[in-house]
Amino acid sequence: MSGQEIMVLGFQASGKTTFAAALWHLVDSREINDTALVKGKHNGDFRYLEEISAAWAAGWVVGRTLSEEWRPIAINLRRVVPETDIRLSFVDIAGETVERIFVTREVDDRVEPLIRDASGLLLFVSALRPKDDDSIVDLYLEFPNEAPPESADEPAEAGSSASAAGPGEAIPFKIEATPQQVQLVDLLDSLADEPLEMRPERIAVIISAWDRAHGASTPEAWLEDHMPLLFQYLATHADEFETRIYGVSAQGGHVPSKENPAEPSDRAELLMQPEASRRISVVGHGAGQHDLTHPIAWLSGVEI
């Protein structure tokens with residue numbers, strides 16, 4: 001297949017920009033010669049990709065996309081045998097923009113074409129997040145005086161506020177505090193409905209910061225344990241789209257920000273690797289150890 005539009009979706013700090021930076025370095029440097037896809041022909045302005053790729057290679061935190069920024073990214077990739085051209089085309093949307101869709105139930109006009117044209121979806125979650133499976137019962141047991149069942153239906157007294165809530169008073173629900181897996185499932189389900197009808201044939205879940213997923217035997221096991229609702233949603237919609245789950249460490253360890261280079265990190269050790277592409281680690285579905293192109297090839301319909 002060629003000209004495939006792959007949408008990237010993920011909340012704040014989910015690893016989207018770091019993935020793009022590492023991918024560009026991987027295919028541009030050609031330090032790894034057994035990737036599923038190689039770099040294709042490029043024309044245009046790639047200063048943003050060069051900027052984030054240089055920061056990544058130097059062992060710095062890749063600056064996250066700000067909410068007011070809109071960064072178009074297009075990476076042309078090619079399968080050698082059989083010869084296939086693939087275009088990874090997406091906009092590096094700030095995580096806040098994605099979260100705003102859930103809160104406001106409105107989609108930015110610039111996002112709509114990406115949703116409608118998406119034949120594949122790269123869905124990012126981070127292994128740095130704590131387990132996202134608290135229930136209402138769990139929250140009540142942890143904070144029994146803040147929202148007891150007997151007061152849940154009682155109206156607040158005139159003049160009261162959330163900040164003034166004391167023992168025995170219900171605390172108003174804040175939609176922004178909705179667990180991330182609930183937001184992701186709601187977005188996937190809502191965007192699939194009219195008028196947007198985003199119905200990708202395949203979804204590749206990327207669990208970023210995989211080097212920090214301590215104790216997880218497989219990416220599937222991590223997702224089922226940490227985000228069970230999302231895992232169940234993907235499993236129960238197998239008749240609508242195929243799903244693969246990958247564990248990805250795009251940096252290979254913890255790196256500092258350029259503004260605070262003295263913070264504890266693995267940067268010195270990582271920079272001892274002369275070929276930066278070998279810092280990348282990919283787990284799942286037969287992907288090469290450093291091959292970030294593997295999930296993209298699969299999303300594009302290349303059987304691997």
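The paragraphs below go through a predicted model, from the whole chain to single residues. Local features are given only at pLDDT of at least 70 and side-chain atom pairs only at pLDDT 80 or more, while totals for chains, interfaces and linings use all residues. Residues are numbered from 1 along each chain as its sequence is written, and side-chain values use heavy atoms, with hydrogens and water left out.

The chain has ten helices and eight strands, taken as DSSP runs numbered from the N terminus (helices: H or I, at least four residues; strands: E, at least two). Of its 304 residues, 45% are buried; here buried means under 20% relative accessible area, exposed over 50%, and partly exposed in between (1.4 Å probe, protein chains only). The accessible surface is about 15700 Å², and carbon and sulfur atoms contribute 50% of that area. Such areas come from the Shrake-Rupley method with a 1.4 Å probe, and for residues only the protein chains shown count as cover. Among contacts (heavy atoms within 4.5 Å) with a separation of 6 or more, 76% join residues 24 or more positions apart.

Beyond its neighbours within four places in sequence, Leu23 touches Ile75, Leu88, Leu292, Thr293 and Ile296. Thr293 is 270 residues from Leu23 in sequence, yet their C-alpha atoms are 7.3 Å apart.

Three salt bridges are present, each a side-chain nitrogen of Lys or Arg within 4 Å of a carboxyl oxygen of Asp or Glu. In one of them, Asp28 pairs with Lys39, with 2.5 Å between the closest N and O atoms. Because Asp28 belongs to helix α1 and Lys39 to strand β2, this pair ties together parts eleven residues apart in sequence. Asp28 is partly exposed at 34%, whereas Lys39 is buried at 18%. Glu242 and Arg202 form another bridge, 3.1 Å from N to O. Glu242 is in strand β7 and Arg202 in strand β6, so parts 40 residues apart in sequence are tied together. Here Glu242 is partly exposed at 42% and Arg202 is buried at 8%. Glu275 and Arg278 also form a bridge, with the closest N and O atoms 2.5 Å apart.

Helix α8 spans residues 228–236, and Pro228, Leu230, Tyr233 and Leu234 are buried in it. Its buried residues pack against β5 (120–126), α6, β6, α7 and β7 (242–249).

The loop between β6 and α7 holds Ala209, which is buried at 17% relative accessibility. The phi of Ala209 is positive, near 55 degrees. Most residues other than glycine have a negative phi. Arg30, in the loop between α1 and β2, also has a positive phi, of about 55 degrees, but counts as exposed at 63%. Ala216 is found in the loop between β6 and α7 and is partly exposed at 24%. Apart from neighbours within four places in sequence, Ala216 contacts Trp210 and Trp222.

On the surface, Asp189, Asp193, Glu194, Glu197, Asp239 and Glu240 form a patch of negative charge. A patch takes residues with over 30% relative accessible area and no salt bridge, joining like charges within 9 Å and nonpolar side chains (Val, Leu, Ile, Met, Phe, Trp, Tyr) within 5 Å. Lys and Arg count as positive and Asp and Glu as negative, with His and the chain ends not counted; a charge is placed at NZ of Lys, CZ of Arg, CG of Asp or CD of Glu. Asp193 sits in the loop between α6 and β6 and is partly exposed at 43%.
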